[in-house]
Amino acid sequence: MQTITPALVRQTIIKRPAESYKGTYGRIMLIGGNQNFGGAIIMAATAATYSGAGLVTVATDPINFTSLHAQLPEAMVVDYTDFEQINDLLATMDVIVIGPGLGTEAVAPTLLTQVLKTVTPKQRLVIDGSALTLLATTRQPALTGQVVLTPHQMEWQRVSGLKIADQTPAANQLAAQRLNVTAVVKAHHTTIYNGPQAWINPGGTPAMATGGMGDTLAGMVGGFLAQFDDFTNAILSAVYLHSAIADDLAQTQYVVLPHQISAQLPKYMHDYSQA
Ligand SMILES: NC(=O)C1=CN([C@@H]2O[C@H](COP(=O)(O)OP(=O)(O)OC[C@H]3O[C@@H](n4cnc5c(N)ncnc54)[C@H](O)[C@@H]3O)[C@@H](O)[C@H]2O)[C@@H](O)CC1
Ligand SMILES: Nc1ncnc2c1ncn2[C@@H]1O[C@H](COP(=O)(O)OP(=O)(O)O)[C@@H](O)[C@H]1O
Ligand SMILES: [Mg+2]
């Protein structure tokens, strides 16, 4: 098991070329936010945007449009029950994040099936939150291509079949290989499994134990995957920075709120890109 280092993050977050535009930094669609969990997709989309993704589209329940725009006018929106429009848009995306606040009722399993059926090997897919639960509880196409799962331990139990007590690095690694994914198994010290390789995140604080912290990580992973070529290093850097920012804020704060991580991202990414 390797430890993620700040050097890896510095190597990943490169200075932006002058000759570039929003399309250079990736088109990303985030799918989630039902009538009850609108905040989750707002936090994920905020994290993706503040990570620097070039063009952000949110597919969500229309009840969330106004609050999303009030928080994040940079994002475009589409009704997540408009399958035809979503299908057309999906084809244009570099990255898809599905699951934050999606819920497991009504449209949710259909949206996941549509994404898994249409995703191409060039596109990068992040599966989080409710979409992980749906992977485990509904019939879905097999996972192929550049897929990353970001489960907490209970979601990982559902998807991998490993009880929390049995989630050892060796067992997690085998399960990730069997599922044909990169797995980010979230915990106090998150571990990441990609083929024969495994990493541990050195950071993390109980000040992060607030609803929405994982939704924020999913958005960051999506935002980093939209911009940085190396698939594994993009994921590892997002995991590292998420907790590194929280650890710094926790020096003077009892709790760290998810949106506070997003607010710090442009500054931290600037600093890592200079080193
Ligand atoms: N503001 C919002 O709109 C929020 C929406 N959320 C969304 O709510 C949906 C359900 O996600 P939840 O994770 O809350 O519910 P889940 O039912 O998927 O998982 C929570 C259950 O797992 C158990 N558990 C065991 N180990 C755990 C661990 N290490 N971390 C977390 N839970 C553990 C808990 O005790 C609980 O029974 C997701 O779509 C998620 O994105 C949450 O992110 C909370 C905030
Ligand atoms: N005690 C802790 N120490 C370190 N990190 C934590 C701790 N509690 C929660 N986190 C982090 O917060 C995030 C929680 O993710 P998740 O449970 O999916 O939240 P949500 O779905 O509410 O957004 C993960 O990145 C996890 O590593
Ligand atoms: Mg979560």
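An oxygen atom of ligand 2 is placed 2.7 Å from a polar backbone atom of Gly 214, a polar contact in the sense of a pair of N or O atoms within 3.5 Å (within protein, one must be able to donate a hydrogen and the other to accept it, and residues adjacent in sequence count only if both atoms are side-chain atoms). This is a predicted model, in which local features need pLDDT of at least 70, side-chain atom pairs count only at pLDDT 80 or more, and totals for chains, interfaces and linings use all residues. Residues are numbered from 1 along each chain as its sequence is written, chains are lettered from A and ligands numbered from 1 in the order in which they are written, and side-chain values use heavy atoms, with hydrogens and water left out.

**Ligand 2: contacts and cover**

- Backbone N or O atoms of two further residues approach oxygen atoms of ligand 2: that of Asp 215 at 2.8 Å and that of Met 213 at 3.2 Å.
- Of the 580 Å² of accessible area that ligand 2 has on its own, the protein covers 77%; such areas come from the Shrake-Rupley method with a 1.4 Å probe, and for residues only the protein chains shown count as cover.

- The shell around ligand 2 holds 16 residues, of which Lys 186, His 188, Gly 212, Gly 214 and Asp 215 come nearest; a residue counts as near if one of its heavy atoms lies within 4 Å.
- Helix H9 (residues 213–227) gives the most to this shell, with 3 residues; helices are DSSP runs of H or I with at least four residues, numbered from the N terminus.
- By class, the shell around ligand 2 has 5 nonpolar, 9 polar and 2 charged residues; Ala, Val, Leu, Ile, Met, Phe, Trp, Tyr, Cys and Pro count as nonpolar, Asp, Glu, Lys and Arg as charged, and the others, Gly among them, as polar.

**Ligand 1: contacts and cover**

- A polar side-chain atom of Arg 158 is 2.8 Å from an oxygen atom of ligand 1.
- Polar backbone atoms also approach oxygen atoms of ligand 1, that of Gly 99 at 3.4 Å and that of Phe 37 at 3.5 Å.
- The protein covers 56% of the 840 Å² of accessible area that ligand 1 has on its own.

- Among the 18 residues around ligand 1, Gly 101, Ser 130, His 152, Arg 158 and Asp 215 come nearest.
- Helix H7 supplies the largest share of this shell, 4 residues.
- The shell around ligand 1 divides into 7 nonpolar, 8 polar and 3 charged residues.

Key. Helices (H or I, at least four residues) and strands (E, at least two) are DSSP runs, numbered from the N terminus.
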